[in-house]
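Thanks for sending this one over. Here are my notes, point by point, to read alongside the model.

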Amino acid sequence: KFSTATNKDNRELADGGLDKSFTKDEMLTEVMIYWWTRSITSSMRLYKEMFSGTGSEVLSMQVTVPAGVAAFPNEITHVPESWCYWGYPNLVHYTMMPSGGHFAALEEPVLLAQDIRAFVRKVEALEKS
C-alpha cells in the first residue's frame, strides 16, 4: 500500500515499486517512527472514521482562515479546486503538482516546500493589505 499510494502504476510491478520513491532506509525510518511512538492507531483514526461514516461531522466543518491546497496527481483521492471552496471558503492558494502522491513530503520535498513558501507569501501579502 505504501508504494501504490505514491503511484497507482506501481501495482503492476513485482516489488510494488517500493524503491522508486523511497530508499529502504527511509521506509524503515517511517515505520519505526510509528512503532516507537506508538502512534499508528491515532494516525489511522481519521481514515477509519471517514470510511465508516462516523467522521461526517468533520466534513461539515469549514476552515475560514486563509488556506492552501497542494494537489498531488497520485494522491488517494483528488479534490478539484472548485470543490475546495466548500470546505475552505477562504482558499487563497491551489497548486496542481506535476508529480507525487499521498506521501508528498517524502516523495517531492522540494516541490512541497516551494509551494508552502508560495502560500505563505500570499498570506503575508494579504495581511499587509
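1. Tryptophan 36 is worth a look to begin with. In this predicted model, tryptophan 36 counts as exposed because its relative accessible area is 65%, over the 50% cut-off. The residue belongs to helix H2.

2. Tyrosine 34 takes part in a nonpolar surface patch of about 630 Å², together with Ile40, Met44, Tyr47, Phe51 and Ile76. Which helix gives the most to this patch? That is helix H3 (residues 40-52), with four residues.

3. Please check the backbone at arginine 38. This residue has a positive phi of about 55° and is not a glycine. Arginine 38 sits in the loop between H2 and H3.

4. Why are the two separated by about one helical turn? Because they are four residues apart in helix H3.

5. Serine 42 is another residue of helix H3. Its relative accessibility is 54%, so serine 42 counts as exposed. Between the C-alpha atoms of serine 42 and proline 80 there are 28 Å, and the two are 38 residues apart along the chain.

6. The largest nonpolar core has six residues: Ala67, Val69, Ala71, Cys84, Leu91 and Tyr94. Strand E1 (67-71) and strand E2 (91-96) are the elements that give two or more residues to this core. E1 provides the largest share, three residues. For leucine 91, the contacts beyond four places in sequence are Ala67, Gly68, Val69, Glu81, Cys84 and Tyr85.

7. Asparagine 90 lies in the loop between helix H5 (81-87) and E2. At 28% relative accessibility, this asparagine counts as partly exposed. Which residues does asparagine 90 touch, leaving out those up to four places away in sequence? They are Thr64, Val65, Pro66 and Ala67. The C-alpha atoms of asparagine 90 and glycine 68 are separated by 8.8 Å, with the two residues 22 apart along the chain.

8. I would draw your attention to aspartate 115, in helix H7 (residues 109-128). Aspartate 115 is buried and yet has no salt bridge. Where is the nearest side chain of opposite charge? It belongs to lysine 122, 7.3 Å away, whereas a salt bridge calls for a nitrogen within 4 Å of a carboxyl oxygen. Apart from neighbours within four places in sequence, aspartate 115 is in contact with Val69, Ala70, His93, Thr95 and Met97. Val69, one of these contacts, is also a member of the largest nonpolar core.

9. A few words on the chain as a whole. The secondary structure comes to seven helices and two strands, running α-α-α-α-β-α-β-α-α from the N terminus on. The C-alpha trace spans about 50 × 35 × 30 Å along its principal axes. Of the contacts with a separation of 6 or more, 61% are between residues 24 or more positions apart.

10. Last, the surface and burial totals. The accessible surface of the chain is about 9,400 Å², and 61% of this belongs to carbon and sulfur atoms. How many of the 129 residues, as a percentage, count as buried? The figure is 25%.

Methods: Residues numbered from 1 in each chain as written. Predicted model: local features only at pLDDT ≥ 70, side-chain atom pairs only at ≥ 80, totals over all residues. Heavy atoms only, no water. Patch = residues over 30% accessible without salt bridge, like charges linked within 9 Å, V, L, I, M, F, W, Y side chains within 5 Å. Areas by Shrake-Rupley, 256 points an atom, 1.4 Å probe, with all protein chains shown as cover. Buried < 20%, exposed > 50% of the residue type's maximum accessible area, 1.4 Å probe, protein only. Lys, Arg positive; Asp, Glu negative; His and termini not counted. Contact = heavy atoms within 4.5 Å. Core = buried A, V, L, I, M, F, W, Y, C linked by side-chain atoms within 4.5 Å.
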